[in-house]
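The points run from the whole chain down to single residues.

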Amino acid sequence: MSTLPLAVSRRRRRGVRHTLDMRVSPYAYVAPFFLLFCAFGLFPLLFTAWVSLHEWTLLSETQEFIGAANYTTLLADGYFWNATFNTLSIGVLSTVPQLALAIWLAHLLNRRLRFQTLFRVALLLPNVTSVVAVVVIFSQLFGRDFGMINWILSWFGAGNIDWAAGTATSHIALSVMIMWRWTGYNALIFLAAMQAVPRELYEAATLDGASNFTQLRRITIPMIRPTMIFVVIVSTIGAMQIIAEPLLFGQSSGGGGGVATGGPDRQFQTLALFVYEQGFANSTFDFGYASAASWLMFVAVVIVAGINFLITRKVKGGLV
């Protein structure tokens, strides 16, 4: 009889430990991520905001607090707005055709084809290719004197185009590079969403005489709309952060001006490249000004993410 209270006590202790484990364990599992995020994500973000409020250069030992002066100067800077226009232009030229082509490729691969796995792997290869190799190859293709693109255009009577010299031509060249790298990646995301669409819908549409394009427009696109919104927003955020392509394109094309200026007339300088120029390529290493530009980019990303959240909730509500 004396062992019964002891057994009950042990069961209670095990129950308490189990409850404590169920409540604490999830936080322990995610704690490493939050610790790393605070150290390498949140702290640099907050420190950048603090730097943006100062006259902060690497050539000076003192940092003077100037409040919002960097932001005021930035909003009146023509180079900043030029970089904003270039970023939006390249983003639209690369994102819209890229997503349309990605949906079409995913629709083709969603059908029964031979060597499906081979085609899917081939779509991902451009994304895993080094961006340096991509830009170097495409810079040769868009070369003024011996580029293959100009050679093909010469068949139609077009002269040698200096793709890196003009605003429109440089934006087209950069957009083609970005499209080549990311179209296959986005196509695989769309394909994964299409795999969840019931096959019965396509079979019924086929019996009704609907063409492949009609099935894509009437069945596939409405069913994968949340995924499309996600890809559009992610692609938009990626377009706002373009830096490697214009930086390497300016270096490979041999145009005048500094490497970080995006050409001699800043014809393809993006926002990220503008931040790099102010913080690292400028002789003053103006971290305060570069931090202010970075924070304006961050605010834009937050706004886009908020719009994405609201639109996604509305679409999900309409699909239920």
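1. A remark on the record comes before the rest: UniProt positions are given here in the numbering used for this structure, feature names are shortened, and annotations may be inferred rather than shown by experiment. With that in mind, the unreviewed UniProt entry lists "transmembrane region" for residues 27–51, 88–109, 121–143, 163–182, 227–244 and 292–311. The model itself is predicted.

2. The overall make-up of the protein chain is 13 helices and 2 strands. Of its 320 residues, 35% are buried. The chain exposes about 19,200 Å², and 69% of that area is supplied by carbon and sulfur atoms. Among contacts with a separation of 6 or more, 69% join residues 24 or more positions apart.

3. Two of the spans listed in the record can be set beside the model. Residues 121–143 are 83% helix and 0% strand, and their end C-alpha atoms lie 30 Å apart. Residues 163–182 are 80% helix and 0% strand, with 21 Å between the end C-alpha atoms.

4. How do helix H3 and helix H7 cross? Two packed helices are described by the angle between their axes and the distance between the axes. For H3 (residues 78–109) and H7 (residues 167–194), the axes come within 6 Å and cross at roughly 35 degrees. The crossing of H3 and H7 is right-handed. By class, their contact has 20 nonpolar and 10 polar residues, and no charged ones.

5. Valine 96 belongs to helix H3. Is valine 96 buried or exposed? Valine 96 counts as exposed because its relative accessible area is 53%, and the cut-off for exposed is over 50%. Serine 235 is 139 residues away from valine 96 along the chain, yet the C-alpha atoms of the two are separated by 9.6 Å.

6. Arginine 266 deserves a look at its backbone. Most residues other than glycine have a negative phi. Arginine 266 is not a glycine, but has a positive phi of about 55 degrees. Where is arginine 266 placed? Arginine 266 sits in the loop between helix H11 (244–253) and helix H12 (271–281).

7. Arginine 266 is classed as buried because its relative accessible area is 13%, and buried means under 20%.

Technical notes:
Residues numbered from 1 in each chain as written. Predicted model: local features only at pLDDT ≥ 70, side-chain atom pairs only at ≥ 80, totals over all residues. Heavy atoms only, no water. Helix = DSSP H or I, 4+ residues; strand = E, 2+ residues; numbered from the N terminus. Buried < 20%, exposed > 50% of the residue type's maximum accessible area, 1.4 Å probe, protein only. Contact = heavy atoms within 4.5 Å. Areas by Shrake-Rupley, 256 points an atom, 1.4 Å probe, with all protein chains shown as cover. Axes fitted to C-alpha atoms, helices over the stretch in contact; angles between N-to-C directions. Left-handed = near helix turned anticlockwise from the far one by under 90°. Nonpolar A, V, L, I, M, F, W, Y, C, P; charged D, E, K, R; others polar.
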